[in-house]
Amino acid sequence: MKSGLDNFFKYIPPRFTRLIANLPAPLLEKVTEIRLRTDAPFSLTLGCRNIMLDSSGNICLAKNAVCATKSDMEQCLSLLSQGSLYTYDDTIKTGYIPIKGGGRAGICGEAILENGKVRGFKEIYAINLRLHRHVPLFAADLIKFYAKEGVCGTLVYSPPAMGKTTFLRSAACLLAEGKNIRPYRVGIVDERCEIYIKGMSDGLIDVISNCPKAYGIELLCRTMSPEVIICDEIGAGEQDAVINAQNTGVHFIASAHGESIMGLRRRPFVNKMLEAGLFEIAVRLNADENGFHCEIERIADKERVVP
Amino acid sequence: MRIAGALLIVCMCYYIGCSLSNAEQKAFLQLSGLIRLLDFMLQRITYSRDSLGNVFADFSDPALEQCGFLSTLNNPMGEPYNVLWNKAVGLLAVSESIKKELNIFGAQLGKTDFVTQKERAEMCRNILVARKNELEPGLEKRRKSIRALGGLIGAMIAIILL
């Protein structure tokens, strides 16, 4: 597993990078998120575990943890935006700043509203730097399944931060490179610039990034004739574009937040896609102390619920 | 000997007058350069949302380069642009009132959303343009007057000393 932590050090105020750099290497490899909060504990997420650090860099309880100040947050924002916050206006409205070279920084704070929509943030209270990980064989089981049963619509689900994006990235690479399967033309609709990392694959991948998913799906279908389209965190408003594209014969691999298929079905837009037969199989991701795991299940086998 | 001394005094005073006149010209060219920079910035941030680093790197103006204004902005060394801008403004030969306006604009440089950033740049540009329009018509006359005044003061000192 490649850790992109070094790439993140230049976006964090130096006093925090020093604390992180002092951690033992096995812990560093597991870091998936770095969180700064104004006047609240600075913390790291390691899979399903959260740790806080004291001023000497030792793991400690929240009450002894180092806290970020308002000026730390401003410095971090300035580093993230290369001193030009206005360039990320569109993404800040949706709560994040993409990080050059992979990853994103989620932000939250006091929002400024205009006509009922978020125009920006008056003050940022928390920044969550999410690391991109590239685990080349994470989706190997799914590719084995495809090799046996054929490529089909796949819904990847799990609660947040369980590796959905990493799984999609791996699936994209394995399919596009033709590892244990014939090479497929893969289209990635990367609305938040999260899935695709430059140079991650030398396979048949076409990417449209920083573009609304519904539009990106339509555009890819029209211009690149992909065999498989991969997109992250499918949401309400995109189901029609996905269903339309599926009717053109493209297979979808998409992800959604959820604990179970039953839970997902309670979300009307997911249920609509499931009812349309868009997804034949689901991949459930989970994490424990030993790392991330995936389970493949057939959606038709699952009990249906009335939303 | 006396005449040579008197000539020397007149020349020196005239030279001081020329320097002051050139400083006036320099301040005016810097003001024009700043207006061009703000125009360039507005164009680049409006149409391609370029970062300030790219904007400053791609901009060129002899007056702003000569005084070190642009090189300060092009070498951030980890400092935010609002701090760099105020440092760079300190290197300019423009009047204090213009520096004050520039510092007000620089205080939030790179720290606001697009609409606010654009509004601030436009406002600063308009103030600088108004100031330039005030200064421009009389500039050459003023420069000549300063040079002539330098020579005249030199002559007066020489006459008194003679």
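This is a predicted model: local features need pLDDT of at least 70, side-chain atom pairs count only at pLDDT 80 or more; totals for chains, interfaces and linings use all residues.
Residues are numbered from 1 along each chain as its sequence is written, chains are lettered from A and ligands numbered from 1 in the order in which they are written, and side-chain values use heavy atoms, without hydrogens and water.

**View 1. An open antiparallel sheet of 7 strands in chain A.** The strand order is S4-S3-S2-S1-S7-S6-S5. Strands S4 (59-60) and S5 (96-98) are the edge strands, each pairing on one side only. Strands (E, at least two residues) and helices (H or I, at least four) are DSSP runs, numbered from the N terminus; two strands pair if DSSP finds at least two bridges between them.

**View 2. The pairing of S5(A) with S6(A).** S5(A) and S6(A) (residues 104-114) are antiparallel and share 3 bridges. Pro98(A) has Arg104(A) in S6(A) as its bridge partner.

**View 3. Strand S12(A) and its parallel partners.** S8(A) (residues 154-158) pairs with S12(A) over 5 bridges, and Ser158(A) stands opposite His257(A). S11(A) (residues 228-231) is joined to S12(A) by 4 bridges; Ile230(A) has Ile253(A) as its bridge partner. Because 5 of the 7 residues of S12(A) (residues 251-257) are buried, this strand is largely enclosed by the rest of the structure. Buried means under 20% relative accessible area, exposed over 50%, and partly exposed in between (1.4 Å probe, protein chains only).
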